[in-house]
Amino acid sequence: MAKSTNNSWQQGLVRTMKNPKAVVTSDDLVTVINDLYPKAEVHFLVLPKENISSLTALNQDHIDLLRHIERAGQTVIKEEGHSHRKFKMGFHADPNMYRLHMHVISDDFNSTCLKHKKHWNSFTTDFFLKPEDVIESLETHGKVRIPSPAECKALLATPLKCHKCDHRPRNMPDLKEHILSHV
Ligand code: AMP
Ligand code: ZN
């Protein structure tokens, strides 16, 4: 669940989605924005127009909306001319920012904003929940099964590992240099 909804910085996504200049595309159900601190060459966020705080607020009534969010992610990749790239789509298990949002991120992770081990692990471990798994969890349990706080902490502390090969970088500079070999 988002850690708190009261701090102004945590409302940043909602402010961005209300700024027409910052909106990539939208329809009656969702708004797609550019991530302000992109962790890859292309990094979008898909947010519902409905005021849903986070994954923990979802129930079975939201399954169609989740399917729509997933489709919107696939559509923005095509419409913005990125079909030649590979992408990952998913939700952070324990997000920082308010309002449910799905990351749509190109899997180069080639960005100066990607600085910390927890940034890396938030996209490359089970901390990153795929939309199909979120939907399946809703269908099966009526709510989204989210790793516990202790599990989230452990996932974010996972030793660095390349997402494309067996290389185990010693540190972030090593990882950042290594992943360029896959771009
Ligand atoms: P998380 O809550 O962990 O899923 O990540 C929130 C994402 O929002 C991060 O990737 C940030 O770079 C991004 N972000 C933070 N503030 C803003 C903002 N005002 N507008 C757009 N993206 C933002
Ligand atoms: Zn590698």
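Reader: Which element gives the largest share of the shell around ligand 1?

Author: This is a predicted model, in which local features need pLDDT of at least 70 and side-chain atom pairs pLDDT 80 or more, while totals for chains, interfaces and linings use all residues. Residues are numbered from 1 along each chain as its sequence is written, chains are lettered from A and ligands numbered from 1 in the order written, and side-chain values use heavy atoms, without hydrogens and water. Around ligand 1 there are 17 residues, each with a heavy atom within 4 Å of the ligand. The largest share of this shell, 3 residues, comes from α1.

Reader: How many residues of the shell around ligand 1 are charged?

Author: Asp, Glu, Lys and Arg count as charged, Ala, Val, Leu, Ile, Met, Phe, Trp, Tyr, Cys and Pro as nonpolar, and the others, Gly among them, as polar. The shell has 7 nonpolar and 8 polar residues, and the charged ones number 2.

Reader: Which residue has a polar backbone atom 2.8 Å from an oxygen atom of ligand 1?

Author: A polar contact is a pair of N or O atoms within 3.5 Å. An oxygen atom of the ligand lies 3.1 Å from a side-chain N or O atom of lysine 39, and a nitrogen atom of the ligand lies 3.4 Å from a polar backbone atom of glycine 12. At 2.8 Å from a ligand oxygen is a polar backbone atom of asparagine 96.

Reader: Why is one side of β1 and of β6 left without a neighbour in the sheet?

Author: Strands are DSSP runs (E, at least two residues), and two of them pair if DSSP finds at least two bridges between them. Here 6 strands form an open, antiparallel sheet in the order β1-β2-β3-β5-β4-β6. β1 and β6 (128-129) stand at the edges, so each has a single partner strand.

Terms used: Polar contact = N/O pair within 3.5 Å; in protein donor to acceptor, adjacent residues only side chain to side chain. Helix = DSSP H or I, 4+ residues; strand = E, 2+ residues; numbered from the N terminus.
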